[in-house]
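Reader: I have a chain to look at and some questions about how its parts pack. Please take them one by one.

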Amino acid sequence: IEERMTEQKKSSSLKKFLMHQTAATKAGRKLISTFVGENGNNIIDSCKVITTHLDGADAAKKNKERIFRFALKVKLMFDDGLVKPKDTLHMIDQLDQLLAKFVKLLKGEKKGAEEAVMVITNSVDRLAYEVIELVGKHMQKKNQEKLKGLFTYYGSKKFLSCLAQNKEVVQQKKTILDNLIPLVRKQAPHLCKSLGIPREDEKQSS
C-alpha cells in the first residue's frame, strides 16, 4: 500500500509538472533523447523550421511544444499502467514501414514524390487512428483532437510535399534523412538492405 501511495504521489507530481509549459518542453526533449536518441530531437527541430516556413513561428512553436507534452503524457500512461507495452505490439511493423516510406521519400526522385506523399499520408492516418484508439481514452476530448491535429499536420500533403520538394528547406530535408537512417538501423535493421542503408555491423566492418 505504501509503495502504491508513493507511485501515486510521483504521478501527481508529474501531472503538476506537466502544467508548466517550459518545464514540460525540457522534460519532453529529454524523454525523447532517452528513448529515441538525439536523432529524434534533431528531426523535431527540423520539422519546426519547415513549419515556420509554411505557417509561421507561432504555429511551429505550438506544434513542437505539443509533441513534447504528448510524449510526457503517454510516458505517464505507461508509468501508471494505463497502457502496457503489449498494447503497442501490433503497431511495431506499422511504424517500421512508415520509417521506410519516409526514407524512400527523402532519397527518391522528384518525379515520384507526389505518389510517395500520398502513400505516407494514408499510412499516417492509419497510425493516428491506432494511437488515438490506444491512448485517447485516457485523455480529455480536446487533447485527443490536439493529438490528432499533430498527425494530420505532419502527415499532410502540404507538409510532406514541402519537405520533399521545396528548395528552401533542403537543409532540413538532409538533416531529417541523416537522422532517420540511424533510427532505421536501430529500430528496423531488417529493412536496411531494401533501403540501401548499410547495417551497423556492415558499417563498422567497411
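Author: Contact means heavy atoms within 4.5 Å. The model is predicted, with local features needing pLDDT of at least 70 and side-chain atom pairs pLDDT 80 or more, while totals for chains, interfaces and linings use all residues. Residues are numbered from 1 along each chain as its sequence is written, and side-chain values use heavy atoms, leaving out hydrogens and water.

Reader: Which residues is Lys 173 in contact with, leaving aside neighbours within four places in sequence?
Author: Lys 173 is part of helix 9, residues 170-187. Helices (H or I, at least four residues) and strands (E, at least two) are DSSP runs numbered from the N terminus. With those neighbours set aside, the contacts of Lys 173 are Leu 106, Leu 163 and Ala 164.

Reader: Does Lys 173 count as buried or exposed?
Author: Buried means under 20% relative accessible area, exposed over 50%, and partly exposed in between, with a 1.4 Å probe and protein chains only. The relative accessibility of Lys 173 is 18%, so Lys 173 counts as buried.

Reader: How are helix 3 and helix 8 oriented to each other?
Author: Axes are lines fitted to C-alpha atoms, for helices over the stretch in contact, and angles run from 0 to 180 degrees between N-to-C directions. The axes of helix 3 (residues 38-55) and helix 8 (residues 157-165) come within 11 Å and cross at roughly 110 degrees. Angles under 35 degrees count as roughly parallel, over 145 as roughly antiparallel, 65 to 115 as roughly perpendicular and the rest as oblique. Helix 3 is therefore, relative to helix 8, roughly perpendicular.

Reader: What classes do the residues of the contact of helix 3 with helix 8 divide into?
Author: Helix 3 contributes Cys 47, Ile 50, Thr 51, His 53, Leu 54 and Asp 55, and helix 8 contributes Lys 158, Phe 159, Cys 162 and Leu 163. Ala, Val, Leu, Ile, Met, Phe, Trp, Tyr, Cys and Pro count as nonpolar, Asp, Glu, Lys and Arg as charged, and the others, Gly among them, as polar. The contact of helix 3 with helix 8 has six nonpolar, two polar and two charged residues.

Reader: How are helix 4 and helix 7 oriented to each other?
Author: The axes of helix 4 (residues 57-79) and helix 7 (residues 141-154) come within 11 Å, crossing at roughly 125 degrees. Helix 4 and helix 7 are therefore, to each other, oblique.

Reader: How many helices and strands does the protein chain have?
Author: From the N terminus on, the elements run α-α-α-α-α-α-α-α-α-α-α. The count for the protein chain is 11 helices and zero strands.
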